[in-house]
Amino acid sequence: MGVDPGLTRCGVGVVDVAPDRSARLVHVGVVRSHPDAAIEQRLALIAAGLRAVIDEHAPQVVAVERVFAQHNRQTVMGTAQASGIALLVAGERGLPAATHTPSEVKAAVTGYGAADKRQVQTMVARVLRLDELPQPADAADALALALCHAWRGGRAASAASGPLTPAQRAWADAERLARR
């Protein structure tokens, strides 16, 4: 399950990814909260929406977009709070969780780390064999996060597909070093 965190629109996407990297759409949606609502109510709505998706679709792992620095401090805070809720809900349900930067996700899905929203939507639609681009962009980003995690040897995905390839091992080693 991929989560594109946000307070107003939190994208959620669930995909099934086979060992050959082919993927199938299971669920896509957006959990919404009203900007005028109190922060605790907004976060509770996001948590409830994520719990409902997990309970209905039973994903093996939760991949969340890693919060990155922006000039707008208020946007970063809201994104970070929604990200924390996604990680908390994963923990509550006993699911492994991972974070990926926007550029990691774009590179995994489009081959270009600076791809724009439309390119990500187009590639997600192509990979999942959808007739239309997933809307809104938050939903497409959540699907892209789920695909990125599975394709990069995510914890649940790698266990299902056998031993890691040399490239997946190198990627895992690089991530371990980056966390130090």
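Biologist: Which residues of helix α3 (residues 102-110) are buried?

Modeller: An α-helix has 3.6 residues a turn, so residues three or four places apart point the same way. In α3, the buried residues are Pro-102, Glu-104, Val-105, Ala-108 and Val-109. They line one face of the helix, because down its axis they fall within an arc of 160°, taken from the directions from the helix axis to the C-beta atoms. Buried means under 20% relative accessible area, exposed over 50%, and partly exposed in between (1.4 Å probe, protein chains only). Helices (H or I, at least four residues) and strands (E, at least two) are DSSP runs, numbered from the N terminus.

Biologist: What are the conventions of the model?

Modeller: This is a predicted model, where local features need pLDDT of at least 70, side-chain atom pairs count only at pLDDT 80 or more, and totals for chains, interfaces and linings use all residues. Residues are numbered from 1 along each chain as its sequence is written, and side-chain values use heavy atoms, leaving out hydrogens and water.

Biologist: How many salt bridges are there?

Modeller: Side chains of opposite charge can pair when their charged atoms come close. The count is five salt bridges, each a side-chain nitrogen of Lys or Arg within 4 Å of a carboxyl oxygen of Asp or Glu. One of them joins Asp-141 and Lys-117 at 2.4 Å, N to O. Asp-141 lies in helix α5 (residues 137-151) and Lys-117 in helix α4 (residues 117-127), 24 residues apart.

Biologist: Is Asp-141 buried or exposed?

Modeller: Asp-141 is buried, at 9% relative accessibility, whereas Lys-117 is partly exposed at 46%.
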